[in-house]
Amino acid sequence: MLADYAVRVEDSRGRRHFEPPHAYRNGFQRDRDRVVHARAFRRLEAKTQVFTRRYSDHFRNRLTHTIEVAQISRTIAAQLGLNADLVEALALAHDLGHPPFGHAGEKALDAAMRQHGLAFDHNLHALRLVEDFELRYAAFRGLNLTFEVREGIVKHSHDYDAKDHPELAEYLLDQRPPLEAQLIDLADEIAYNTADLDDGYEARLLTVEQIAEGVDLFARHYREAKSRYPNAAKKLAFNEALKSIFDEFVGDLIANTARRVEAAGAHSLEDVRRHTERLAAFSPPVEEARRRLKEFLYENLYYIPALATEKEDAERIIRELFAHWMEEPGDLPRNYREKSAVEPLPRVICDYIAGMTDPFIFQQYKKYCGE
Ligand code: MG
């Protein structure tokens, strides 16, 4: 069933700590299950994706977004003959390292770290989570995931330079990740670019006319939906347009990736790894439409005044709490105080904050910064 360029679980480079094989679950299936049972995974439910619950309780959060990415990724993997178990494990893990408050939280945490000559990167944080912070097993710290899942967590969305990241040397930084990891980033794009239009429209922050005006791709699909269902309510015509945009992205990614693999003459995982660039990609016109849609969302949704207060609150809360613990490390929980004996204090505080849910960080802010 697997294509010749797919990852085969029997060829896995294995886990850090030896574990006997399971009776009926292979290594990637076990990794997927370990991710689902991790505490960091459950916390995704209470982390903002784009909209807080101020707008509605049926908008996406990090957990439902993650499930959407897993669904899209499995569909694409099946069509391309890729390893669906590995893909599912990677999709479910892809946002584990995100801090509270969505993109604003990520920027604020990174800014706080830069004051101390350090940085915050959600992929690297996710790796630390699965390698060290999750404590579920008596025999080792972390989830003891297979090499391929750890590699995908680090490399799915961008390439790290070996010079800047000697600690990542084992992850074959001079090679491309397998297609199973490459497609996660694109499935993520498909998921949030369409979902954010949907939630933005539902929140009444975007109108159909405004989207059609700014995004040709949407205008075309909306016209088609209207001509197919002339009497449909506006929201249902909008849904139909969104559904066919989604379909166009997914179909294009499958067809274009298959074309690129063929053109590159990639017949093995090694060929995929050694190719000069990533082989998973949209075709040029669809890539251009994706870029335009994303640009539209930045201009008309992510940075609009209606969402500014929440962003500013997020930045202030992270900035002030970070500064508070820098001054009063005694206020950190005991296990974090202990960690600060072996790691720089800013890193320990960053790890603590990055793991928090939105409600928990609010509570901490009230406790230590008063309000
Ligand atoms: Mg994501």
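The exercises below work through a metal site, a helix, the nonpolar cores and a pocket in a predicted model.

**Exercise 1. Identify the residues that coordinate the magnesium ion, and explain why the pair His94 and Asp188 ties together separate parts of the chain.**

Step 1. The donors to the magnesium ion are NE2 of His65, NE2 of His94, an OD atom of Asp95 and an OD atom of Asp188, at 2.2 to 2.5 Å.

Step 2. Written along the sequence, the spacing of these donor residues is H-x28-H-D-x92-D.

Step 3. Histidine 94 sits in the loop between helix H4 (84–93) and helix H5 (102–114), while aspartate 188 belongs to helix H8 (residues 179–202), so the pair links parts that are 94 residues apart in sequence.

Step 4. Both histidine 94 and aspartate 188 are buried, a state that requires under 20% relative accessible area.

**Exercise 2. Describe helix H10, and determine which helices its buried residues pack against.**

Step 1. Helix H10 (residues 216–228) contains 13 residues, and its span from first to last C-alpha is 18 Å, close to the 18 Å expected at 1.5 Å a residue.

Step 2. Its buried residues are Leu217, Phe218, Ala219, His221, Tyr222 and Ala225, and these pack against H8, helix H9 (208–214), helix H11 (234–264) and helix H13 (284–302).

Step 3. Lysine 226 is also found in H10, but this residue is partly exposed because its relative accessible area is 32%, which falls between the limits of 20% for buried and 50% for exposed.

Step 4. Leaving out residues up to four places away in sequence, lysine 226 touches Ala232 and Ala237, whereas its C-alpha atom is separated by 37 Å from that of glutamate 180, 46 residues away along the chain.

**Exercise 3. Find which residues of the largest nonpolar core touch the most other members, and follow the contacts of leucine 96.**

Step 1. Among the 90 residues of this core, those touching the most other members are Ile76, Leu96, Leu197 and Phe218, and the largest share of the core, 11 residues, comes from H8.

Step 2. Setting aside neighbours within four places in sequence, leucine 96 contacts Val35, Ala40, Phe41, Leu44, Ala126, Leu129 and Val130.

Step 3. Another core lies apart from the largest one and has 25 residues, including Ala108, Leu321, Leu345 and Ile361.

**Exercise 4. State the volume of the largest pocket and locate its lining.**

Step 1. The largest pocket has a volume of about 830 Å³.

Step 2. Its lining comprises 34 residues, of which Gln49, Arg62, Gly102, His103 and Glu106 are the closest to the centre.

Step 3. At least two lining residues come from each of helix H3 (62–80), H5, H8, H13 and helix H14 (305–327).

Terms used:
Residues numbered from 1 in each chain as written. Predicted model: local features only at pLDDT ≥ 70, side-chain atom pairs only at ≥ 80, totals over all residues. Heavy atoms only, no water. Donors = N, O, S within 2.8 Å, 3.2 Å for Na, K, Ca; no water. Helix = DSSP H or I, 4+ residues; strand = E, 2+ residues; numbered from the N terminus. Buried < 20%, exposed > 50% of the residue type's maximum accessible area, 1.4 Å probe, protein only. Expected span 1.5 Å × (residues − 1). Contact = heavy atoms within 4.5 Å. Core = buried A, V, L, I, M, F, W, Y, C linked by side-chain atoms within 4.5 Å. 1 Å grid on protein atoms, 1.4 Å probe; cavity = no way out; pocket = protein on both sides within 12 Å on 5 of 7 lines; lining within 4 Å. Points joined across faces, edges and corners; volume = space filled by probe spheres on them.
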